[in-house]
Amino acid sequence: MTDVTSSKSARRPHHWRHDLIELAALFTAVVVADTIAKTIAKGPEGPYLLVFSAIALVATVAFHTWWARRHSHAGHAPPTGDPGGRGVAVVPAARPEPAAEEESADGESGRVTGTALWRMRTTVADTPGSLAALCTVLARLDVDILTLQTHPLADGTVDEFLLRAPADLSARALAHEVAAAGGRDTWTERADAHDLVDTPTRVLGLATRTALDAAELPLALRQLLGRCTLHSVPAVSLTGRPTGEQAPVEGVLEETVMRLRDPHGGTLVVERPHLPFTPTEFARARALVELDARLGPRLPRGRDVLTLPEGNEITVRRADQRDLAAARAMHDRCSARTLGLRYHGPVGDADRYLDHLLSPRFGRTLAVRTASGRLVALGHLLWDGDETEVALMVEDDWQRRGIGSELLGRLVAMAEEAGCDSVYAVTQSSNTGMVAAMRALNLPLDYQIEEGTLVITARLAPARRPGARTRHGGTRPAER
């Protein structure tokens, strides 16, 4: 956009006095030239003097023209002050810089000129200058180091970077250059905006979430350690036999596997086959587990009161193992068909699963109670390795009132909040209520039949973890 002040100042005011002065100067110059010419012409060397005068005049004109062109831009420079005292500065029209022109040309030719975020981890020798050599290579590649963490090892140092690199720089090329600078066991992965949060802030946030809700510990460990698989192995099986899984108090670190003492009994097993754990990561994970152990059982206190179509009020809130007695009483009031549709096995074994299902270590549970305090429905969101399962059970007298759909919608919202890509439900084709509730989610659904059991998977978001498993397991906990 052209500046209005600049265009106005370019038009000089025209006055008749200037014309009169220029005309008078012209007549004076003519009279002086005529007098000099007559005087010189009458002398013996007049012609030679005229020639020399013409040459001098031409030289003067040429010098004046060169000088005017050389300093022509000075008259267009913006003023650095306000000598007139009017408070108005003349701003020239902006001109594109050469770099901007090159970026525009690259865009027209189709070449990628953006940037990409990368997480990179590499091991370097613990010697002076090793990190400097690595940073020099990154600078030569036009790679910006956003954050850097160091993990000391016995035979070197693991450096973890968050990088902003040119979009056309591939992971293979980046790893090749890092190896040439002395890095080994280099690992790279695309990052996103969430990785821009510095590590101390992220760890404090995870500790806060864990302190408020015991069920957050598995999610906090996953977010702390990146792509990993977490299994909670109980100390006692469903049949009451010891499993022999009891990690020492200080935990165990074995390259790509760490074992931590579960405060609720048993062992937390964390696996990350693509990248070994460092002692620093192990210490952070152990600190989160110790925090969970010191705080004891805890749940968010929030609850929602809903009114059913017939006018009855129900309360929906989180539940844990302290609700075990009420859940067993609900089992006693349920029919064999309802228990069979929920647990896909012998009805007599149903009570064995409750302690496992209500544990915050395996997921989150929602309980529905009536105005009198009776527990009439349970909804479970269960962490199954890399996947997430949803399961429902509603007491017979309270079915077909919308309670199941309400619970399922809340469980799916919790899964989305936890960053899950999908949820699946294991049921039977005859369970029309569960099938209808899954369809009512208005999400893309996949159907699979495994050994007479129907598995319905709802995709919540595009897959963000490469190599995610597609195999589904049942609802019943495996005996160990």
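**Overview**

Of the 480 residues in the protein chain, 36% count as buried, meaning under 20% relative accessible area with a 1.4 Å probe and protein chains only. The model is predicted: local features need pLDDT of at least 70, side-chain atom pairs count only at pLDDT 80 or more, and totals for chains, interfaces and linings use all residues. Residues are numbered from 1 along each chain as its sequence is written, and side-chain values use heavy atoms, with hydrogens and water left out.

**Confidence**

- The chain has an average pLDDT (the predictor's confidence in each residue, from 0 to 100) of 76, and 71% of residues score at least 70.
- Residues 71–112 stay under 50 in pLDDT, and the model gives them 18 contacts (heavy atoms within 4.5 Å) beyond four places in sequence.
- Residues 462–480 also stay under 50, with 48 contacts beyond four places in sequence.

**Fold**

- The chain contains 14 helices and 16 strands, taken as DSSP runs (helices H or I, at least four residues; strands E, at least two).
- Of the contacts between residues at least 6 apart in sequence, 63% join residues at least 24 apart.

**Cavity**

- One cavity of 30 Å³ or more is found in the whole structure; a cavity is a set of points on a 1 Å grid where a 1.4 Å probe fits but cannot get out, and lining residues have an atom within 4 Å of a point.
- The largest cavity holds about 50 Å³ of space, and its lining includes R119, R121, E160, W187 and E189.
- Strands β1 (115–124) and β4 (184–190) each supply at least two residues of this lining.

Technical notes
On a 1 Å grid over the protein atoms alone, a cavity is a set of points where a 1.4 Å probe fits but cannot get out, and a pocket is an open set with protein on both sides within 12 Å along at least five of seven lines; lining residues have an atom within 4 Å of a point. Grid points are joined across faces, edges and corners, and a volume is the space filled by probe spheres set on the points. Buried means under 20% relative accessible area, exposed over 50%, partly exposed in between (1.4 Å probe, protein chains only).
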